[in-house]
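Work through the exercises below with the sequence and the model at hand. Each task is followed by a solution in steps.

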Amino acid sequence: MKQVSFENFAFLGCTYVIIMIGFCLIFLLLEMKGMNVIIDASSTEDDSWNQRLTSSLYLSAITLFSVGYGDVVPIGIGRLLVMVEALLGYTIPAAFVVRTFFDNDPPKNK
């Protein structure tokens, strides 16, 4: 049986971080272009760039790791983006298990 290694966990962690930051930047870019993709319950009309960044990062993280809390809600094209991100968040652990326990090399007969 193949052992779970630190490298596999590091790879999994890096994969999650890259996906989370990538979707955060997509949300932020769309917001900066004037498209409304996020409704944040705690935001105001004059949100700073830092507030938009943190709302985008929070939405990305909470979507990737769970189903969301409801305080930051996607709208418009943002709904499609969070569906794709949630799908990735749910399939990555399965891919991790498959990668961990199944080798590409067939067993050697002696």
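Helices are DSSP runs of H or I with at least four residues, and strands are runs of E with at least two, both numbered from the N terminus. By this rule Ile 26 is placed in helix 1. The model is predicted.

**Exercise 1. Overall layout**

Give the number of helices and strands in the protein, and their order from the N terminus.

Solution. Step one: the protein has 3 helices and 2 strands. Step two: read from the N terminus, the order is α-β-α-β-α. Step three, contacts: of those between residues at least 6 apart in sequence, 72% join residues at least 24 apart. Step four, surface: the accessible area of the protein is about 7,800 Å², and carbon and sulfur atoms hold 67% of it. Buried residues account for 30% of the 110 residues.

**Exercise 2. Helix 1**

Describe the span of helix 1, its buried residues and what covers them.

Solution. Step one: helix 1 covers residues 6–32, which is 27 residues. From first C-alpha to last it reaches 38 Å, close to the 39 Å expected at 1.5 Å a residue. Step two: its buried residues include Tyr 16, Phe 23, Phe 27 and Glu 31. Step three: the cover over the buried residues of helix 1 includes strand 1 (38–40), helix 2 (49–65) and helix 3 (77–101). Step four: after helix 1 comes Gly 34, with a positive phi near 95°.

**Exercise 3. Ile 26**

Is Ile 26 buried, partly exposed or exposed?

Solution. Step one: the cut-offs are under 20% relative accessible area for buried and over 50% for exposed, with partly exposed in between. Step two: the relative accessible area of Ile 26 is 36%, so Ile 26 is partly exposed. Step three: Ile 26 and Leu 81 are 55 residues apart in sequence, yet their C-alpha atoms are 8.8 Å apart in space.

**Exercise 4. Helix 2**

Compare the reach of helix 2 with the expected value, then state which of its residues are buried.

Solution. Step one: helix 2 has 17 residues and reaches 24 Å from first C-alpha to last, close to the 24 Å expected at 1.5 Å a residue. Step two: its buried residues are Ser 55, Ser 56, Leu 59, Ser 60, Ala 61, Ile 62, Thr 63 and Leu 64. Step three: what covers these includes helix 1, strand 1, strand 2 (72–74) and helix 3.

**Exercise 5. The core and Ile 38**

Which residues have the most contacts inside the largest nonpolar core?

Solution. Step one: this core has 17 residues, and Phe 27, Ile 38 and Leu 59 have the most contacts inside it. Step two: helix 1, helix 2 and helix 3 are the elements that give two or more residues to the core. Helix 1 gives the most, with 7 residues. Step three: Ile 38 is in strand 1. Its relative accessible area is 12%, so Ile 38 is buried. Step four: leaving aside residues up to four places away in sequence, Ile 38 touches Phe 27, Glu 31, Ser 56, Leu 59, Val 72, Val 73 and Ile 75. For Ile 38 and Ser 56, 18 residues apart in sequence, the C-alpha distance is 7.7 Å.

**Exercise 6. A surface patch**

Which residues form a nonpolar patch on the surface?

Solution. Step one: the patch consists of Met 35, Ile 77, Leu 80, Met 83, Val 84 and Leu 88, with about 510 Å² of accessible area together. Step two: Met 83 lies in helix 3. With a relative accessible area of 55%, Met 83 is exposed.

Methods. Residues are numbered from 1 along each chain as its sequence is written. This is a predicted model: local features need pLDDT of at least 70, side-chain atom pairs count only at pLDDT 80 or more; totals for chains, interfaces and linings use all residues. Side-chain values use heavy atoms; hydrogens and water are left out. The expected span of a helix is 1.5 Å times one less than its number of residues. Buried means under 20% relative accessible area, exposed over 50%, partly exposed in between (1.4 Å probe, protein chains only). Contact means heavy atoms within 4.5 Å. Patches are made of residues with over 30% relative accessible area and no salt bridge: like charges are joined within 9 Å, nonpolar side chains (Val, Leu, Ile, Met, Phe, Trp, Tyr) within 5 Å. Accessible areas come from the Shrake-Rupley method with a 1.4 Å probe; for residues, only the protein chains shown count as cover. A salt bridge is a side-chain nitrogen of Lys or Arg within 4 Å of a carboxyl oxygen of Asp or Glu. A nonpolar core is a set of buried Ala, Val, Leu, Ile, Met, Phe, Trp, Tyr and Cys residues joined through side-chain atoms within 4.5 Å.
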